[in-house]
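Look at the model below and follow the text from its open space to its sheet and then to its ring pairs.

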Amino acid sequence: MEGLQCQLSPFFYPLPPPPSLPDALLAVELGLVAKLKPIPIPPPVSYIYSPLDYAFEPHADYVRKYARTRKKILFLGMNPGPWGMSQTGVPFGEVNLVKNWLKVEGRVGRPAVEHPSRVVEGWGCPRSEVSGQRFWSYWKDLCGDPDILFKYAYVHNYCPLAFMKDSGRNVTPPELKARERNQIFSSCDEALLKVIQLLDPEIVIGVGKFPQQRTQLTLQGAGITKVRVESILHPSPVNPTANKGWRDVVHRQLGEMGVLPYFYPQQSTNNT
């Protein structure tokens with residue numbers, strides 16, 4: 001007796017393949033931006049930059065280069081700074097290190113409305129973001145090759161928008177007025193949970209206390225207890241402690257967390 005054969009209906013269409021991990025992350029980020037943009041932000045905020053809009057090409061290049069696999073460690077920043085991610089689309093995106101070490105490429109446009117002293121010049125920006133220079137140069141010196149860093153880790157921001165006053169001064173998400181702040185936090189928490197579910201890290205390390213706190217609240221709300229949450233000192237020059245040897249402090253903190261062996265070139269191939 002001949003075996004049965006499946007006959008496909010002329011109306012049958014195969015399902016599309018599931019999105020890659022980078023594309024899934026980008027979809028979460030773009031969905032978050034779409035939720036945040038309609039929220040009216042009152043004074044003192046006068047300017048809002050959305051790098052995922054005008055610098056999407058380099059941001060997508062960063063995600064597709066370095067988020068191709070699940071990670072053991074997720075480093076979480078707060079939101080874009082005017083001379084970092086606002087210029088390059090990359091978290092802590094100091095222009096020279098993003099271009100020359102991370103080898104990120106892509107066209108950078110301009111925000112619809114710019115502050116005259118916070119102009120987006122992209123790869124031509126002559127200013128160096130201190131936080132980004134400290135952050136990425138530490139990893140460059142420790143790992144040598146960015147692939148060693150990103151084999152087990154990824155760097156992401158909690159909020160994709162930058163907020164500024166008329167003066168050009170940065171307004172951080174915690175400094176927003178309560179009503180709008182709560183709306184933004186709700187959407188960012190939801191997106192953060194999706195990012196954690198996609199990357200499946202064992203540990204989330206906040207760059208500063210604020211990302212650590214938001215991660216703890218997000219995981220508690222979701223009933224997730226298997227992910228460890230820590231923080232390292234933020235590299236901002238506004239932080240006096242960071243100006244007194246940020247690199248040494250962070251190296252010690254990472255050593256106490258037990259994660260440094262993942263980032264040594266001679267040992268990274270032996271970790272699983």
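The largest pocket holds about 910 Å³ of space. Rolling a probe the size of a water molecule over the atoms shows where empty space is left. Here a pocket is an open set of points on a 1 Å grid over the protein atoms alone, where a 1.4 Å probe fits, with protein on both sides within 12 Å along at least five of seven lines. The volume is the space filled by probe spheres set on the points, which are joined across faces, edges and corners. The model is predicted: local features need pLDDT of at least 70 and side-chain atom pairs count only at pLDDT 80 or more, while totals for chains, interfaces and linings use all residues. Residues are numbered from 1 along each chain as its sequence is written, and side-chain values use heavy atoms, with hydrogens and water left out.

The largest pocket is lined by 35 residues, each with an atom within 4 Å of a point. Closest to its centre are Ser-131, Asn-170, His-234, Ser-236 and Val-238. Helix H9 (209–222) gives the largest share of this lining, three residues. Helices (H or I, at least four residues) and strands (E, at least two) are DSSP runs, numbered from the N terminus.

Strand S7 also supplies at least two residues of the lining, and it belongs to an open sheet of four strands in the order S3-S2-S6-S7, with parallel pairing. Two strands pair if DSSP finds at least two bridges between them. S3 and S7 (228–232) are the edge strands with a single partner each, so one side of each has no neighbour in the sheet. From one strand to the next the twist averages 25 degrees. S6 (residues 203–207) and S7 are joined by five bridges; Gly-206 has Ser-231 in S7 as its bridge partner. Helix H8 packs on the sheet and touches S2, S3 and S6, where contact means heavy atoms within 4.5 Å. The direction of H8 makes about 160 degrees with that of S2; axes are lines fitted to C-alpha atoms, for helices over the stretch in contact, and angles run from 0 to 180 degrees between N-to-C directions.

The structure also holds 21 aromatic pairs. Rings of Phe, Tyr and Trp (its six-membered ring) pair if their centres lie within 6.5 Å; planes under 30 degrees apart count as stacked, over 60 as edge-to-face and the rest as tilted. Phe-75 and Phe-135 form an edge-to-face pair, 6.4 Å centre to centre with 80 degrees between the planes. Phe-75 lies in strand S2 and Phe-135 in helix H6, so the pair ties together parts 60 residues apart in sequence. Both are buried, meaning under 20% relative accessible area (1.4 Å probe, protein chains only).

Definitions and conventions:
Buried < 20%, exposed > 50% of the residue type's maximum accessible area, 1.4 Å probe, protein only.
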